[in-house]
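Here is a walk through one protein model, taken a stop at a time. Have the sequence and the 3D view open as you read.

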Amino acid sequence: MKTLEIPTFECETGNYHTFCPISCVAWLYQKIEDSFFLVVGTKTRGYSSQNALGVTIFAEPRYAMAESEEGDISAQLNDQKELERICLQIKNDRNPSVIIWIGTCTTEIIKMDLEGIAPKLEKQLGIPIVVARANGLDHAFTQGEDTVLAAMTHRCPEYNHRTTDRRGKNVAKHVAADVAPNNKFSDEKGKLSRCNSVLFGSLPSSVASQLNLESRRQSVSVSGWLPSQKYTELPALGEGVYVCGVNPFLSRTATAPMRRRKCRLIGAPFPIGPDGTRAWIEKICSVFDVKPDGLEERESQIWKNLSDYLNIITGKSVFLMGDNLLEISLARFLIRCGMVVYEVGIPYMDRRYQAAELLLLQHTCEKMKKPTPRIVEKPDNYSQVQRMHELQPDLAITGMAHANPLEARDIDTKWSVEFTFAQIHGSVNARDAPELVTRPLRRRSDSISGCRSLSRQTVDV
């Protein structure tokens, strides 16, 4: 039996070049529709929030800034009274179902006791207050979401076997009705799996619905999402509930339900790309003792639909500098597309949480007969630039700070942050990731074609 080539792991001493984690407010306030986010920090954090979130003068977004002034930092003012005044105004103006306080570097430095103040104001105002410390101590900006979801885990209702079983039967009837007309499904698959599964990770509602449908096709019910669209609809957690993540930067959220609520974690690859989506569903099905049906054919069809992109990127090389913790999943997907990945830089990696993804990466390299990429944790950007100068990759996926310098060195780049906000999860959205990857390559190809056309015209003249 042939053994898989194990990736080479290295750790450098580079600084983290990433957005501030408070930028997670940009997508979370839209996902949790009845929430209000209050960022507590200095004026600098306010500028960062405005730049990251794109505030317009006429907009009324569901987030605000509690600006700490000199009196707050020097402990001359009462933090509780100031936060009480602001939260009371939020309650009167917006009346949210939950107020989420986002702590920043400032609250960490001055040791502001947000966790001690929140329960008092919550009791006084009658509105739940969740405290999440999304500050510069994180490795990547996407971990801001991880901090918020881990804090919300403690607010999920307790799983009740009786009520959940009753709900499960009702859901099973609806799903059986949806599944029955299709002759592909056997009688066994016409019954919905009774195991409760909760998915965690903030995705657009349309993408979440698609993943729900993917699971439903295999007769596995999804009882809820964390976060839910409404704070009042948080999923029940407890013993007997299985949780599974959809993003690789949610290691704290994965740990919290296991330690605090006795849930079981499904260690699956992440549903990014057709191969990742298939492996994700297969793992969930194996946990619930359900035999997958039609996944291989569906994945093959999707790869055929991507042939126009694959013709462009097959044989090309890519270098991932590291920015948003999606790097391992993206590398695996790009190798499956036929690319050669020289190096995968990543600010931080929880190897236990990403164990299934790393294993799928090894299988993908063996299947595509590509070398296993070098994985560098906390990379030194200066050393990375020197390695890129030697390797000369066709494409570098990097943070915005390094894009222009690399372009000046004649290396095509793609901002890694674009993959964070693009809809790259699930089978239906399989074209979005290769569209982003091929765009700079197509731009260079068009530029070369234009230069050749211009040179021919010059010769004719």
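Is aspartate 289 buried or exposed? The model you are looking at is predicted, and in it aspartate 289 has a relative accessibility of 70%, so it counts as exposed; the cut-off for that label is over 50%. You'll find aspartate 289 in the loop between α11, residues 273-287, and α12, residues 295-305. Its backbone deserves a look too: phi is about 60 degrees, a positive value, although aspartate 289 is not a glycine.

Asparagine 95 sits in the loop between α4 (79-93) and β4 (98-103), and because its relative accessibility is 56%, it counts as exposed.

How many residues of β4 are buried? The count is 6 of the 6, so the strand is largely enclosed by the rest of the structure. You can check this face by face: Val98, Ile100 and Ile102 are buried on one side, while Ile99, Trp101 and Gly103 are buried on the other.

What does β4 pair with? One partner is strand β2, residues 35-41, which runs parallel to β4 and is paired with it over 6 bridges. To spot this pairing in the view, look for serine 35, whose bridge partner in β4 is valine 98. Another partner is strand β5, residues 129-133, which is also parallel to β4 and joined to it by 5 bridges. For this pairing, a handy landmark is isoleucine 99, with isoleucine 129 as its bridge partner in β5.

Next, hop over to helix α9, which spans residues 205-217 and includes serine 215. What does serine 215 touch, once neighbours within four places in sequence are set aside? Its contacts are Val220, Val222 and Trp280.

Valine 222 lies in the loop between α9 and β7 and is partly exposed, with a relative accessible area of 23%. Apart from residues up to four places away in sequence, valine 222 touches Ser197, Leu199, Asn212 and Ser215. Take Asn212 from that list: asparagine 212 and valine 222 are 10 residues apart along the chain, and their C-alpha atoms are separated by 6.3 Å.

Leucine 226 and proline 227 are joined by a cis peptide bond, with omega at about 5 degrees. Proline 227 belongs to the loop between β7 (224-226) and β8 (241-245).

Finally, let's see how two helices meet. Two packed helices are described by the angle between their axes and the distance between the axes. For α11 and helix α14, residues 327-336, the axes come within 8 Å and cross at roughly 115 degrees. Which residues meet there? On the α11 side they are Gly273, Pro274, Asp275 and Gly276, and on the α14 side Arg332, Phe333 and Arg336. By type, the residues of this contact divide into 2 nonpolar, 2 polar and 3 charged.

How values were computed. Residues numbered from 1 in each chain as written. Predicted model: local features only at pLDDT ≥ 70, side-chain atom pairs only at ≥ 80, totals over all residues. Heavy atoms only, no water. Helix = DSSP H or I, 4+ residues; strand = E, 2+ residues; numbered from the N terminus. Contact = heavy atoms within 4.5 Å. Buried < 20%, exposed > 50% of the residue type's maximum accessible area, 1.4 Å probe, protein only. Axes fitted to C-alpha atoms, helices over the stretch in contact; angles between N-to-C directions. Nonpolar A, V, L, I, M, F, W, Y, C, P; charged D, E, K, R; others polar. Pairing = 2+ DSSP bridges.
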